[in-house]
Amino acid sequence: MRRRRRKKHTPRPGWSSSVAAGKSSCAGRVLLTGIVLAAAMVAMTVFFKVKTISVEGAEQYGSEELIAGMDVQKGDNLYLWNKNRVLSDLMHSFPYLESAQLRRRLPDGLVLTVTECTAAAAVRNEDNTFTYISAGGKVLENNAADGGLPTVLGVTLNAQMGDFLATGTDAHVDAMLNVLENMDAAGLLEKMSFLNLNDLTDVRIGYDKRFDIRAGALDDLTYRIRFAQTVISDRLSASDIGRLYWDAQNRLHFVPETAEDVARSGTDQAGDNPVTSPAYTNPDGEVGTTDNTNGDDPTDSRSDSSDSSDNLGLFR
């Protein structure tokens with residue numbers, strides 16, 4: 001039996017030269033790409049230099065101070081640096097910066113735009129020093145005194161200067177930020193005198209050094225702060241001093257006290273101050289009651305009244 005001979009594979013004419021040409025073309029493209037990238041890098045290094053840095057929005061800090069604290073300076077490349085890292089370092093180095101933005105102004109400038117914050121409260125530490133924080137929860141500085149700021153009790157801070165306090169990890173920190181936010185939104189933060197968070201079911205807020213607002217737990221905080229604000233401005237006189245509290249039926253009461261009693265509620269010696277005066281109802285009845293400091297007869301919340309007190313009825 002005769003074996004078949006295998007035919008030898010004969011390359012087609014021009015095949016070897018085509019492969020060689022393809023390889024040469026690919027190598028050429030890679031080389032060209034490398035040259036272009038190298039030229040771009042050289043151009044960015046040589047031509048795109050920072051020549052001017054300007055600052056907008058700074059008042060507490062000087063422009064030169066902020067520029068000196070940045071990790072990019074005149075003569076540096078306009079692009080070859082990490083913007084997020086530069087801004088993060090700046091925000092920690094200058095705690096009173098609430099926000100910072102950095103943008104390029106071609107051909108050779110940088111513009112730093114900042115928003116500054118102020119201290120809104122002083123958190124008392126275990127060693128009786130104080131840590132100042134902003135209304136937005138940024139840790140600003142440590143100080144031996146409260147600086148005349150509203151003092152906060154019952155909160156332990158575990159944050160560095162320049163940090164924003166994290167939420168969701170500590171109930172007392174969350175409560176503090178909640179109160180600050182609501183007091184600020186109501187326009188009451190500037191006159192807040194203390195915040196006692198030793199007991200989160202009996203939150204106490206000092207206002208104008210005249211009122212001890214017993215907000216209780218914080219489930220209805222927004223409503224209660226607004227309601228207390230309405231009562232203070234519309235129902236109480238400028239000479240009234242005392243305690244505002246809500247009973248189990250969510251009715252608001254006012255009990256006259258001394259300024260010393262009010263201030264004591266913002267300390268570790270705060271007592272329960274049991275209620276001994278009767279409750280007088282808000283004529284609208286559904287939202288709460290206030291003590292009648294003028295000595296009028298109490299009005300049943302279920303009965304009609306000629307005193308509409310519409311402002312109190314707005315907050316349900």
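Analyst: Asn250 sits in the loop that links strand E11 (242-246) to strand E12 (252-256); helices (H or I, at least four residues) and strands (E, at least two) are DSSP runs numbered from the N terminus. The model is predicted, with local features requiring pLDDT of at least 70, side-chain atom pairs counting only at pLDDT 80 or more, and totals for chains, interfaces and linings using all residues. Residues are numbered from 1 along each chain as its sequence is written, and side-chain values use heavy atoms, with hydrogens and water left out.

The backbone of Asn250 has a phi near 65°, a positive value in a residue other than glycine. With 26% relative accessibility, Asn250 is partly exposed (buried is under 20% relative accessible area, exposed over 50%, partly exposed in between, with a 1.4 Å probe and protein chains only). Asp208 belongs to the loop between strand E9 (203-207) and strand E10 (211-216), and its relative accessible area of 26% makes Asp208 partly exposed.

Strand E5 (residues 130-134) pairs with strand E6 (residues 139-143) in the antiparallel sense, over 4 bridges; two strands pair if DSSP finds at least two bridges between them. Thr131 has Asn142 of E6 as its bridge partner. The two strands form a hairpin with 4 residues between them, and Gly137 in that turn has a positive phi of about 90°.

Pro95 lies in the loop between H3 and E2 and counts as buried, at 12% relative accessibility. Leaving aside residues up to four places away in sequence, Pro95 touches Tyr61, Cys117, Lys138, Val139, Leu140 and Gly162 (contact means heavy atoms within 4.5 Å). The C-alpha atoms of Pro95 and Lys138 are 7.6 Å apart in space, although the two residues are 43 apart in sequence.

E2 itself is part of an open sheet of 3 strands, ordered E1-E3-E2 with mixed pairing. From one strand to the next the twist averages 20° (axes are lines fitted to C-alpha atoms, for helices over the stretch in contact, and angles run from 0 to 180 degrees between N-to-C directions). E1 and strand E3 (residues 109-116) run parallel and are joined by 5 bridges. Glu56 stands opposite Thr113 in E3. Helix H3 (residues 83-93) lies across E2 and E3, at about 145° to E2.

Two loops flanking this sheet deserve a note. Pro107 is in the loop between E2 and E3, and the peptide bond joining Leu106 and Pro107 is cis, with omega about 15°. Phe48 is in the loop between helix H1 (15-47) and E1 and is partly exposed, with a relative accessible area of 31%. Its C-alpha atom is separated by 8.4 Å from that of Asp76, which is 28 residues away along the chain. Phe48, Tyr79, Leu80 and Leu106 make a nonpolar surface patch of about 370 Å². Patches are made of residues with over 30% relative accessible area and no salt bridge, like charges being joined within 9 Å and nonpolar side chains (Val, Leu, Ile, Met, Phe, Trp, Tyr) within 5 Å; a salt bridge is a side-chain nitrogen of Lys or Arg within 4 Å of a carboxyl oxygen of Asp or Glu.

In strand E8 (residues 192-196), 5 of its 5 residues are buried. E8 runs parallel to strand E7 (residues 151-153), the two being joined by 3 bridges, and Val152 has Leu195 in E8 as its bridge partner.

For the chain overall, there are 7 helices and 12 strands. Of the 316 residues, 38% count as buried. Among contacts with a separation of 6 or more, 51% involve residues 24 or more positions apart. The chain exposes about 18600 Å², of which carbon and sulfur atoms supply 50% (areas come from the Shrake-Rupley method with a 1.4 Å probe, and for residues only the protein chains shown count as cover).
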